Amino acid sequence: MVRSATLKILLSVACLWSFFVIGLGAYTRLTDAGLSCPDWPGCYGHVLVSRSSVVSHKVQPSQAWSEMVHRYFAGTLGILILMSLFFLGLWIKQTECYAPLLPAGVLLALLIYQPLLGMWTVTEKLLPIVVTQHLLGGLAIFVSLWWIRLVIYHEGFYRVKSQQVGLRVVASLALLLLFIQLFLGAWTSTNYAAMSCSAFPFCSLTPWQADFKNAFRLGFSSGVNYQGGILSDNARMTIQMVHRYGALVVGSFLLAWSVAIIFISNNKRFIQAAFWVIIFLLLQVALGIANVLLERPLLIAVMHNLMAALLALSTVNLAFFCFHDKLKESA
Amino acid sequence: MQLEVIKDYVELCKPRVVALMILTSIVGMALASSGAISLKILVLGNLGIALGACSAAAINHFADHRIDRFMQRTQNRPVAQGRISTFNTVVFAAVLGILSMWILMHYINFITALMTFLSLIMYAGIYTCYLKYATSQNIVIGGIAGASPPLLGWLAVTGQMDPMAWVLVMIIFVWTPPHFWALAINRFDDYAKAKVPMLPNTHGILHTKKFILYYGLLLLAVTLLPFAIKGSGLIYLLLSLMLNAWFLWWICKLLWSNAATEKRIARKVFNVSIIYLMLLFVALLLDHYFIV
């Protein structure tokens, strides 16, 4: 017999933990500590950062520790997720509510794929498509844990199917656009294109100078070390500009969607969910602009990564209500 | 008819609150400048900050338009009464907000625009839509937003966050609880009807009176800081001590009042708090420009 409360607490703890791991990952990447331990899962074969490896391999201790701390916390997150999935299994058997199976399946897949990506980040020397997936994977774990939490908290929704087709289409579109912009953000970071353009709002790059072909080449050549980025200035500026335009398009869409919901809905849950999307969206845009105009200070850059996680969370949260709850409750 | 409409839109901006904020921002600018404040910064900086504050005030009117109807103090507000539509209010707020950001980014500097923006999110977003209903410490935490104008003025001049700027912010931050809690005692029934968890409603009026005193004493300590860090001199010290004595006298009167007189005295404390802050910042200004 598992009590709903135990499962809810476990999920909340895992969710918070994953948020922290995202922050650690961002910090590791932004302090260029990603390759400080060339092997995985140990550091020069050791569990801890040992003095011998520091001396013999000229390892920067603070960077190696950043990398290892990220791995320790990620490892413990994996254990927390396994525990959550175990208790979730018991809960499903008990309540016979099978709705959490979809997000649980996603989480299980991520539990396997994300550590592999972590390993390849190191062995493939920061190959952009790998690091991008690793970043998105972290966000996906965070969001999936919340998704399961939503399902558990709102079991009652699944007994009545919501009919709002139009709203579900809009919500799906919002999720798709969000995913694209998150990808662009990750791509900007992993290709070291964040500081390629210190002018705001436009880069000194005309559309015909832009190098789309190289900017978005997803394939890879092995043996290359991608630390610091290997793309030309033009390609990096192209990535930066596309990310900015993406913010304009996706930001406008998310803003219009949530503001419309606040005006149209009389359901408190919907209005609250829309409110948080607006807050995180505005903060994320401010942080993005601050990254450019303040020349990407470490704190602002880490916060931009964490705020992206919160924006993703709130968007998925609102989308959840669009799919399962009633926009207008009958008086 | 036209004049009534203009008056309503002006009311959306909470002009008296914004005016007090701009006074504190001007003082921030003055203390940050050696000599006279640059005219461009004085006018355009304060215009940008004021427009931002007005935008936040309009969002507050929008967010609170339903509960404003329950409270005697706010029931005649434009959006609560339907004289201005919710849609127009949001558009008005958006226009003011964008204008504010543009002026600050174009004529002042980015850091001022960023901190102004964050203050607006804190007040119009976090405080108005969430904190207010979440805890009796709502105005304590949310007070950081209203305390920011001296820092914004300082940033407009120097682009840097110096200790003196934060001291000014702290003064307003510590002043905010006694200011609002006095009002909350006076408007006890209003907040009860609106179901907003103000301290008198959640912990009782006596508890609130005591905490107003504690914060009043803390305020005395904090207002000594400008002198202690050598940002201000003797003129400020003497004036601030006199003002603190005056404020604390009325806070004590509130503490000693009984159920028959407490609401009237609470209103007086609220009014005293406003004049106190105004004169305190004027004292900072006088001290800065007249060296003994």
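A salt bridge is a side-chain nitrogen of Lys or Arg within 4 Å of a carboxyl oxygen of Asp or Glu. In this predicted model, Asp68(B) forms such a bridge with Arg77(B), their closest N and O atoms being 3.3 Å apart. Over all chains, the structure holds nine salt bridges.

Because the model is predicted, local features need pLDDT of at least 70 and side-chain atom pairs count only at pLDDT 80 or more, while totals for chains, interfaces and linings use all residues. Residues are numbered from 1 along each chain as its sequence is written, chains are lettered from A and ligands numbered from 1 in the order in which they are written, and side-chain values use heavy atoms, with hydrogens and water left out.

- Asp68(B) is buried, with a relative accessible area of 3%, and Arg77(B) counts as buried at 13% (buried means under 20% relative accessible area, exposed over 50%, partly exposed in between, with a 1.4 Å probe and protein chains only).
- Asp190(B) forms a salt bridge with Arg187(B), with 3.7 Å between the closest N and O atoms.
- Asp190(B) is buried at 5% relative accessibility, and Arg187(B) is buried at 18%.
- Lys209(B) forms a salt bridge with Glu262(B), the closest N and O atoms being 2.8 Å apart.
- This pair links distant parts of the chain, 53 residues apart: Lys209(B) lies in helix H12 (residues 205-223) and Glu262(B) in helix H15 (residues 262-289) of chain B (helices, H or I with at least four residues, and strands, E with at least two, are DSSP runs numbered from the N terminus).
- Both Lys209(B) and Glu262(B) are buried.
- A network of salt bridges links Asp8(B), Glu11(B) and Arg83(B).

**Interface of chain A and chain B**

- The contact (heavy atoms within 4.5 Å) takes 13 residues from chain A and 15 residues from chain B.
- Between the two chains, the count of salt bridges is zero.

- Not counting residues up to four places away in sequence, Leu88(A) touches Leu7(A), Pro100(A), Ala104(A), Ile148(A) and Ile152(A).
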